[in-house]
Amino acid sequence: MFEIIDGKKISNDIQSKIKLEVDQLRYKGITPGLAVIIVGSNPASKVYVSMKQKACANLGIYSEEHKLEENTSQDSLLELIKSLNADPKINGILVQLPLPDQINTNLVLETIVPEKDVDGFHPYNVGKLVAGLPTFVACTPYGVIKLLEHSKVHMAGKEAVIIGRSNIVGKPVAMLLMQENATVTICHSKTKDLPSVCRRADILIAAIGKPKMVTKEYIKKGAVVIDVGVNRLPDGTLCGDVDFDDVKDITSKITPVPGGVGPMTITMLMLNTVKSAKIANGIK
Ligand code: NDP
């Protein structure tokens with residue numbers, strides 16, 4: 001019998017603890033602050049930004065939203081980031097991706113000071129992650145590891161296979177799993193005989209962006225399956241990269257989409273913002 005890893009519940013449990021921490025900080029006169037920048041009017045980005053602001057409001061984290069026009073110049077975005085870098089109310093700066101074509105995303109991410117890089121995308125923080133040093137870990141990969149921990153999945157010595165090698169999901173997840181002493185394989189679009197590589201996995205992470213691509217021929221009996229994918233089907237419903245109904249009975253634990261990794265991503269952003277406020281105020 002498989003178990004559904006309930007990302008919503010785990011996320012709510014973690015948020016309750018974050019709220020207590022925020023209350024304690026406020027008692028000391030410290031209010032963690034998050035600035036979210038959105039450029040243009042991508043509907044999905046708007047939804048994500050409003051979810052992040054709602055989470056801040058629920059937890060007592062100060063948040064401000066900076067909405068910029070689609071045709072905003074790179075220079076004005078960089079100026080805004082620099083002013084937020086210097087603003088003591090702000091502990092975390094998040095630029096909602098994707099950005100319009102006239103803007104160099106890497107330059108934008110590198111302009112955020114590493115101490116306020118709560119998304120964990122700055123090369124300095126990525127380097128620290130690779131070196132195994134404490135840093136801000138990108139929210140989705142961090143959420144994946146927290147889901148595994150809270151579901152009592154022991155990672156040490158396990159075969160972990162990740163499908164996807166992006167900078168925001170696949171690569172950082174691989175680093176984190178390696179730090180947990182899993183034996184890690186990273187797959188991508190050029191991997192040969194992907195199903196047979198995936199069948200080695202005790203822990204399979206799908207971060208592909210292809211609806212229901214992972215079917216039961218990819219799954220070893222008893223594997224734990226974490227589905228990072230978020231895809232919209234033509235009928236408007238959301239689904240993951242894993243064909244949940246096809247594989248669930250072979251797995252031991254599996255995340256649903258929605259309600260798995262998604263809620264954890266926002267919660268980890270809150271966690272990173274509070275961590276940043278603590279560091280800025282010399283609190284361990
Ligand atoms: P990217 O498009 O940046 O990366 C996709 C990866 O999948 C690439 O490494 C690509 O390989 C690999 N891939 C694509 N097709 C295949 C294939 N047929 N076989 C094997 N590998 C393949 O996506 P992201 O990492 O940004 O996102 C992945 C998914 O996770 C998306 O559905 C996205 O929406 C979702 N997501 C969810 C989040 C959440 O909060 N739940 C947050 C972020 C992302 P190659 O490198 O060779 O091209």
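**Loops, strands and overall form of a predicted chain**

Q: Between which two elements does the loop with Pro258 lie?
A: This model is predicted. Pro258 has its place in a loop of the chain. The elements on either side of that loop are β11 and α10 (261-280).

Q: Which residue is joined to Pro258 by a cis peptide bond?
A: The omega of this bond is about 0°. The bond is cis, and the partner of Pro258 in it is Val257.

Q: Where does Pro98 lie, and what is the omega of the cis peptide bond that joins Leu97 and Pro98?
A: Pro98 is in the loop between β4 (92-95) and α4 (105-111). The peptide bond from Leu97 to Pro98 is cis, with omega about 0°.

Q: Which residue in β11 stands opposite Ile4?
A: β1 and β11 run parallel and are joined by 2 bridges. Across from Ile4, the residue in β11 is Ile254.

Q: Which residue of β8 has Ile254 of β11 as its bridge partner?
A: β8 pairs with strand β11 (residues 253-254) in the parallel sense, over 2 bridges. The bridge partner of Ile254 is Val225.

Q: Which residue in β8 is the bridge partner of Ala206?
A: Strand β7 (residues 203-206) pairs with β8 over 4 bridges. The sense of this pairing is parallel. The partner of Ala206 in β8 is Asp227.

Q: Are the residues of strand β8 (residues 224-227) buried or exposed?
A: Val224 and Ile226 point one way from the strand, while Val225 and Asp227 point the other way. Buried means under 20% relative accessible area. On both sides of β8, the residues are buried.

Q: What is the relative accessible area of Asn181?
A: Asn181 is in the loop between α7 (170-179) and β6. Its phi is positive, about 70°, although Asn181 is not a glycine. Asn181 is exposed, and its relative accessible area is 53%.

Q: What is the relative accessible area of Lys212?
A: Lys212 is found in the loop between β7 and β8. Although Lys212 is not a glycine, it has a positive phi of about 55°. Lys212 is partly exposed, with a relative accessible area of 39%.

Q: What radius of gyration does the chain have?
A: The C-alpha trace spans about 50 × 40 × 40 Å along its principal axes. For 284 residues, a compact globule would have a radius of gyration near 19 Å. The chain agrees with this, at 19 Å.

Q: What percentage of the residues of the chain count as buried?
A: The secondary structure of the chain comes to 10 helices and 11 strands. Of the contacts with a separation of 6 or more, 70% are between residues 24 or more positions apart. Among the 284 residues, the part that counts as buried is 51%.

Q: How far apart do the centres of the positive and negative side chains lie?
A: The accessible surface of the chain is about 13,700 Å², and 54% of it belongs to carbon and sulfur atoms. The chain has 34 positive and 30 negative side chains. The distance between the centres of the two sets is 4 Å.

How values were computed
Residues numbered from 1 in each chain as written. Predicted model: local features only at pLDDT ≥ 70, side-chain atom pairs only at ≥ 80, totals over all residues. Heavy atoms only, no water. Rg over C-alpha atoms; globule rule 2.2 N^0.38 Å. Buried < 20%, exposed > 50% of the residue type's maximum accessible area, 1.4 Å probe, protein only. Contact = heavy atoms within 4.5 Å. Areas by Shrake-Rupley, 256 points an atom, 1.4 Å probe, with all protein chains shown as cover. Lys, Arg positive; Asp, Glu negative; His and termini not counted. Charge placed at Lys NZ, Arg CZ, Asp CG, Glu CD. Pairing = 2+ DSSP bridges.
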